[in-house]
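Subject: Structure for you to look at

Hi,

Here is the structure I promised you. Please open it and keep it beside this email while you read.

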Amino acid sequence: MSLSLRSLLQGVVLGLMVPCLVQAEDAWIMKTPEWELSKAQYESALTVKGTDPKTLTTPAQRRPILQDLYIRESLLQQALKQGLDKKPQIEQQLEEMRKDLLARSALEAHIDQNAPDFTQRAQELYQARLATVYTFPLRLKLQLIQINTPSPESQTKTKQQLETLRQDLQHKKLTFEQAVEQYSQAADKALTQAGEWYKADQLPSVVFDAGVQLKDSEPLSTVLNADKAMYLVKYLERREPEVLSFDQVKDELIASLKTEYRLGQQQVLLQQLRQQFEQNAQLNDAP
């Protein structure tokens, strides 16, 4: 997940409170002639912005993040050199931001402190969704060439066309992707060209049944006739029937329940504070 430049520039203000110095024992993750960014500072910046550093596993994923951090840190160094961190306006903004952060943290802590154990409710949801959400039938990843045959006369011509095309594919005169592009009349041709996952109820039975018999060593079907259309099918991959266990989805369910609970409790607590404001707060309305 990329960090927006806007959010990183806002981080400059927070960064004014923290010197950009790399401790001797802390490896740097980015270095310029003027400054270094340590691995700890990099991970801290991502965590504060809501990104888990462990999810960025490749240089290609980290590069745009580091580019944004470079912009932030470069501007931060300029701010420090100009003494902007000593300006009263900056200190006031930092203090207000600190209060907002503490208030938000207090709200979250109060809600979490009184949160129930969601395990039982998660088990109930799992059982309710087991048949429809967590149970998967056999799925096949297939590429399809579909040519419509609205009349009996068109079937003979189409079958000959597909038989010839099948031979061309076997002799590698063209790729299956090229064949889909040139010949398929399917409405979702863009999907069938790259390959799509199908369950039995998503294809004519003759097409799915033929796909079940295909394998890596024999991936190309014969010409198939079904529902006023003829098909050539190429097998790519299969997923056997499976049922996800409660342990596999437990964390996801509990996280969802916690989020729902927090949002509800947040509204309750904020409404209570609004009522207390009306009852307890004395306002000086003098100009």
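Helices α5 and α10 cross in a right-handed way. This is a predicted model. Helix α5 covers residues 119-129, and helix α10 covers residues 246-280. Their axes come within 9 Å. The crossing angle is roughly 115 degrees.

Which residues make the contact? From α5 they are Thr-119, Arg-121, Ala-122, Gln-123, Leu-125, Tyr-126 and Arg-129. From α10 they are Phe-246, Val-249, Lys-250, Leu-253, Ile-254 and Leu-257. Sorted by class, the contact of α5 with α10 holds 8 nonpolar, 2 polar and 3 charged residues.

Next, find Leu-66. This residue belongs to helix α3, residues 59-81. Is Leu-66 buried or exposed? Its relative accessible area is 17%. Buried means under 20%, so Leu-66 counts as buried. Leaving out neighbours within four places in sequence, Leu-66 contacts Ile-29, Met-30 and Tyr-42. Leu-66 and Leu-37 are 29 residues apart along the chain, and 9.7 Å separates their C-alpha atoms.

Last stop: Gln-146. You will find Gln-146 in strand β4, which runs over residues 139-148. Its side chain makes a polar contact of 3.0 Å with the side chain of Asn-148. What else does Gln-146 touch, not counting residues up to four places away in sequence? The list is Tyr-183, Ser-184, Gln-185, Ala-186, Ala-229, Met-230 and Tyr-231.

Best wishes

Notes:
Residues numbered from 1 in each chain as written. Predicted model: local features only at pLDDT ≥ 70, side-chain atom pairs only at ≥ 80, totals over all residues. Heavy atoms only, no water. Axes fitted to C-alpha atoms, helices over the stretch in contact; angles between N-to-C directions. Helix = DSSP H or I, 4+ residues; strand = E, 2+ residues; numbered from the N terminus. Left-handed = near helix turned anticlockwise from the far one by under 90°. Contact = heavy atoms within 4.5 Å. Nonpolar A, V, L, I, M, F, W, Y, C, P; charged D, E, K, R; others polar. Buried < 20%, exposed > 50% of the residue type's maximum accessible area, 1.4 Å probe, protein only. Polar contact = N/O pair within 3.5 Å; in protein donor to acceptor, adjacent residues only side chain to side chain.
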